[in-house]
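Here is a short briefing on one protein chain. Look over the sequence and the 3D view, then work through the points below.

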Amino acid sequence: QVAEKSSPNVSMQTQSTSETIQEILLKLQETIIKNHNETRTDTKEIKEEMKNFKMEVRSDIMKLDGKVDSIQKALERNENKIKEVEKRTEKTEQEIGKISQQLKMINKETENSFIQIEMEQAAFYLRFQNVEETKEENLEIIIAELIAEKLEREKDEILNELDEVYRVSTNYARRYRLPKEIHIRFARKKVRDILYKIAREEGIQYRGKEIQVLKQVPRRVREQRRDYRFLATYLNKKNILFRW
């Protein structure tokens, strides 16, 4: 009898449990459906966002491609301009080189012309060194008498052959404490050449002192000769007479 009484209770409990499980399953199903729907919605939103993002990225890439293309074209234009500038610069440098060469030739020709003029002028001069100097000396008379005696001419005749006679202070004279040099310009080159030849061969004295008679050499010529001095020294060592 006890067993018969407990059977309905078990049945009721089983039914209650079954209903509870069904409710749980229904709720679970609803939750799953809800989550599924939410997931679908989220997925759709994500897909939409991804689509928009892709479109934005594609648009940015297209813009970037456009910028890169513009930059590339600008670089090409600049490169072409640089090449043109380089060509013009090279041409200009060549023209400058030609002009510079022409200027050098002109300067050289001009310098040679000046040297020629100076040499022609110097050809009328002689320099006397070691001629005793006095306070109230008359250089023109002293030199005229000296030359007249050496050339066996009259003093007045020699005076007519002299254009200028004057003293010049030189470094050489100061260094060796000698009298100032006497520079003489002759009216005729022929007289100057004759006197120079005699002075070289026989010498000239004044008041018992030997006088050095030198040609007038322009500064430019002295500078040019300085570069070839070694050659003159070598020739003289070989007993080859060499004079400028």
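**Strands and their partners**

Gln205 stands opposite Glu210 in strand 5. This model is predicted.

**Pairing**
- Strand 4 covers residues 204-206. Three bridges join strand 4 to strand 5, and the two run antiparallel.
- Strand 5 covers residues 209-215 and is also joined to strand 1, by four bridges. Strands 1 and 5 run antiparallel.
- Phe128 has Val213 in strand 5 as its bridge partner.
- Strand 4 and strand 5 form a hairpin with two residues between the strands. In that hairpin, Arg207 takes a positive phi near 55°.

**Gln129**
- Gln129 belongs to strand 1, which covers residues 125-129.
- Is Gln129 buried or exposed? Gln129 counts as buried because its relative accessibility is 8%, and the cut-off for buried is under 20%.
- Which side chain makes a polar contact with the side chain of Gln129? That of Glu181 does, at 2.6 Å.
- Beyond its neighbours within four places in sequence, Gln129 is in contact with Tyr172, Glu181, Glu210, Ile211, Gln212 and Leu214.

**Positive phi in loops**
- Most residues other than glycine have a negative phi.
- Asn130 has a positive phi, near 75°, and is not glycine. Asn130 sits in the loop between strand 1 and helix 2 (139-151).
- How exposed is Asn130, and what is its relative accessible area? Asn130 is partly exposed, because its relative accessible area is 21%, and the buried class needs under 20%.
- Arg177 also has a positive phi, near 55°, and is not glycine. Arg177 lies in the loop between helix 4 (171-175) and strand 3 (181-186).
- Arg177 counts as exposed because its relative accessibility is 80%, and exposed means over 50%.

**Annotated spans**
- Which residues does the UniProt annotation "coiled-coil region" cover? In this unreviewed entry, the annotation covers residues 61-109 and 141-168.
- Residues 61-109 are 100% helix and 0% strand in the model. The end C-alpha atoms of this span are 70 Å apart.
- Residues 141-168 are 64% helix and 25% strand. The end C-alpha atoms of that span lie 17 Å apart.

Terms used: Residues numbered from 1 in each chain as written. Heavy atoms only, no water. Buried < 20%, exposed > 50% of the residue type's maximum accessible area, 1.4 Å probe, protein only. Polar contact = N/O pair within 3.5 Å; in protein donor to acceptor, adjacent residues only side chain to side chain. Contact = heavy atoms within 4.5 Å. Pairing = 2+ DSSP bridges. UniProt positions renumbered as here; feature names shortened; annotations may be inferred.
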